[in-house]
Amino acid sequence: MAVYLQDKQLVKQLLSGDSRAFDQFFDENFARLYRFALVRLSDDPDAAREVAQITLTRAIRKLHTYRAEAALFTWLCAICRNETSDWLAKQGRYREHIVLTEDIPEVQAAVDSLQAPEQMSPERHYRRVEVLRLIQVALDKLPARYGDVLEWKYIEGHSVKDISARLDMGTEATQSLLARAKRAFAEVYSSLTEGLDPNESELVKS
């Protein structure tokens, strides 16, 4: 079985905390991972950049598992493949959450902007990506219980009665919890968009 000695040595240096080794690791692999992810993410540069960064972060945490039985970049690609799948699954999950915004006008306007024609300017494409990212961040910031009830109701399609039974609480209390969760989502999203300049706001709402 082949052993990739140079890669093994680099990993050894990384594990010892060698800062120059970290620079080499990122310089040699980020651009390659970006291109690897880009073709798997429908040529979405923002997504590819994010997945490449996540891959390198995950890899650093798992360096102790690298056995040099494959090239280091091959090992990174395996991680990147998994991160790409997770990212795509996450996008699908959050797109399902769009129904949450049906009675929140400012968020609905942003979601409507995602339904853009196939032909658009690079700037508008970037804004669409940013809108979706902000929705994702808002959902991630919700308390766990809020996230649970929203997912059960709007993604898994459970009735309020089902959710009440799962939580062992009355239907009125469950409806109140759902209402608070939706308000919390709206508040977090609004706080995230406060910094948008007028031009960005128009792009989001158009």
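This is a predicted model: local features need pLDDT of at least 70, side-chain atom pairs count only at pLDDT 80 or more; totals for chains, interfaces and linings use all residues.

Biologist: Great. How many salt bridges does a search of the whole structure find?
Modeller: The search turns up 2 salt bridges.

Biologist: Which residue does R49 form a salt bridge with?
Modeller: R49 pairs with D46, and their closest N and O atoms are 3.6 Å apart. Both residues sit in helix α3 (residues 45-61), 3 residues apart, or about one turn of the helix.

Biologist: And where do E83 and R58 lie?
Modeller: Their side chains meet in a salt bridge at 3.2 Å, N to O. This pair links distant parts of the chain, with E83 in helix α4 (residues 72-96) and R58 in helix α3, 25 residues apart.

Biologist: Is E83 buried or exposed?
Modeller: E83 has 12% relative accessibility, so it counts as buried. R58 is at 34% and therefore counts as partly exposed.

Biologist: Changing topic: which residues are buried in helix α8?
Modeller: In α8 (residues 160-167), the buried ones are V160, I163, S164 and L167. They cover an arc of only 105° around the axis, so they are on the same side of α8.

Biologist: What's on the other side of α8?
Modeller: K161 and A165 are there, and both are exposed.

Biologist: And what happens just after α8?
Modeller: D168 follows, with a positive phi of about 55°.

Technical notes: Residues are numbered from 1 along each chain as its sequence is written. Side-chain values use heavy atoms; hydrogens and water are left out. A salt bridge is a side-chain nitrogen of Lys or Arg within 4 Å of a carboxyl oxygen of Asp or Glu. Helices (H or I, at least four residues) and strands (E, at least two) are DSSP runs, numbered from the N terminus. Buried means under 20% relative accessible area, exposed over 50%, partly exposed in between (1.4 Å probe, protein chains only). The arc is that of the directions from the helix axis to the C-beta atoms.
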